[in-house]
Amino acid sequence: MRVHLQLAERPDQATTAAREAAAMGADGVFTFEGRHDVFFPLVVAAADTDLDLMTNVAIAGPRSPLHLAHSAYDLQVLSSGRFRLGLGSQIRPHIEKRYGATWGRPAARMAETIGAISAIFDTWEGKAPLDFRGEFVTHTLMTPNFDPGPNPFGPPPVLLGALGPIMTRTAAEFASGLLVMPFNSARHLIERTLPAVDEGLRRSGRARADFSIIGQAMVAVGADEADLRAAIDGVAMLIAFYGSTPAYRPVLEAEGWGNLQPQLNSLSKVGAFAEMRALITDEMVATIGVVGTPGECAEELRARFAGFSSEVCCYFPHYSVRPDDVAELVAALHDHDRSRTPP
């Protein structure tokens, strides 16, 4: 199983963080759109390491498909073909109030964004004149002064992050791969995510083998009791945050905890974060996250994503994970794969 680690958000910290990820044995790094730009740290990492690179995710709605295409093209060149463009939507309050953009029909908009990016790439590759006419965006002008020409490493794949069945189906129908939402559980994956993937692939006429599914998980890892306790507490805090969002309620419902979501939502509105954390039990952390020693976490990650994913993005939220524990986790996943490879 290939392992990807989160890259520091600040560009001035990205060089050190990327080198540390490489030293821990990671196969790649990804950025999350949080406090800083999602693309800038990858520019640094592209020049300084040979790691795979991925946005995970860049929020698509407020950005023009042309902006996304240019960023993806240039990162593909900088990394010598090691970049993947991971896109995602956002909930309505953030799109309208934080980004100042327009909300509405997010899955349809996402499908159109992916189609527009593909059309732009095709034009740059010399396959067809630019003539994309959608419901939300139109791209019909690409003069030579603005056409970078074919990418020497080929256009980068476009992935889509999703949780609900409609967006998951959209990913399987239009994107090159799915970034599984880290707020998840094995039951939700099997019962809700994979059927939506299969429906999207059926609509697109593709097989599972033609589509990448990248697992993601909130990992509470610690080699001793004190470290593990701190890790569980950190993951529980993120679970409480995610669980307060109405769109994420289906994961809680799949495990019989749906009534928790309105409580978390009410507490979040008054900033009662300690009270939110107190509602998350160790059982919830172990079900939605991955908990244990490095070896135990590796076994759980393999079990959760067995049969449909050979890659995982690991998050270590709200706690200081020991580099030795991360290195051991990565090695355990790699060693398992090597032990299964015939001589």
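Trainee: What makes Glu-96 partly exposed?

Mentor: Happy to start there, and keep in mind that this is a predicted model. Glu-96 has a relative accessible area of 34%. Partly exposed covers the range between the buried limit of under 20% and the exposed limit of over 50%, so Glu-96 at 34% is partly exposed.

Trainee: Why is the pair Glu-96 and Arg-92 called a salt bridge?

Mentor: The closest N and O atoms of Glu-96 and Arg-92 are 3.0 Å apart. The cut-off is 4 Å between a side-chain nitrogen of Lys or Arg and a carboxyl oxygen of Asp or Glu, so this pair counts as a salt bridge. Arg-92 is also partly exposed, at 46%.

Trainee: What separates Glu-96 and Arg-92 along their helix?

Mentor: They are four residues apart in helix H4 (residues 92–98), which means about one helical turn. An α-helix has 3.6 residues a turn, so residues three or four places apart point the same way.

Trainee: How do you know that Arg-203 and Glu-199 form a salt bridge?

Mentor: By the distance again: the closest N and O atoms of Arg-203 and Glu-199 are 2.9 Å apart, and the limit is 4 Å. Both sit in helix H7 (residues 186–204), four residues apart, about one helical turn. Arg-203 is partly exposed with 43%, and Glu-199 is partly exposed with 25%.

Trainee: In the salt bridge of Glu-300 with Arg-304, what makes Arg-304 buried?

Mentor: Its relative accessibility is 6%, and buried means under 20%, so Arg-304 counts as buried. Glu-300, at 28%, counts as partly exposed. The closest N and O atoms of this pair are 3.5 Å apart, and both residues lie in helix H13 (residues 294–305), about one turn of the helix apart.

Trainee: How many salt bridges does a search of the whole structure find, and which residues are linked in a network?

Mentor: The search finds 20 salt bridges. Arg-2, Asp-27 and Asp-52 are linked in a network of them.

Trainee: Why is Asn-265 called buried?

Mentor: Asn-265 has 17% relative accessibility; the buried class is under 20%, so Asn-265 belongs to it. This residue is in helix H10 (residues 260–269). A polar atom of the Asn-265 side chain lies 2.8 Å from the backbone oxygen of Ser-244. Beyond its neighbours up to four places away in sequence, Asn-265 touches Ser-244 and Pro-246.

Trainee: How do you know that the buried residues of helix H2 are on the same side?

Mentor: The buried residues of H2 (residues 40–48) are Pro-41, Leu-42, Ala-45 and Ala-46. They cover an arc of only 140° around the axis, so they are on the same side of H2. The face turned away from that buried side carries the exposed residues Phe-40 and Ala-47.

Trainee: What do the buried residues of H2 pack against?

Mentor: Their partners are helix H1 (11–23), strand E2 (28–31), strand E3 (52–55), helix H3 (65–78) and strand E5 (83–88).

Trainee: Which residues touch the most other members of the largest nonpolar core?

Mentor: Leu-87 and Phe-183 do, in a core of 97 residues. A second, separate core has ten residues, among them Phe-30, Met-54, Val-57 and Leu-159.

Conventions. Residues are numbered from 1 along each chain as its sequence is written. This is a predicted model: local features need pLDDT of at least 70, side-chain atom pairs count only at pLDDT 80 or more; totals for chains, interfaces and linings use all residues. Side-chain values use heavy atoms; hydrogens and water are left out. A nonpolar core is a set of buried Ala, Val, Leu, Ile, Met, Phe, Trp, Tyr and Cys residues joined through side-chain atoms within 4.5 Å. Buried means under 20% relative accessible area, exposed over 50%, partly exposed in between (1.4 Å probe, protein chains only). Helices (H or I, at least four residues) and strands (E, at least two) are DSSP runs, numbered from the N terminus. A polar contact is a pair of N or O atoms within 3.5 Å; within protein, one must be able to donate a hydrogen and the other to accept it, and residues adjacent in sequence count only if both atoms are side-chain atoms. Contact means heavy atoms within 4.5 Å. The arc is that of the directions from the helix axis to the C-beta atoms.
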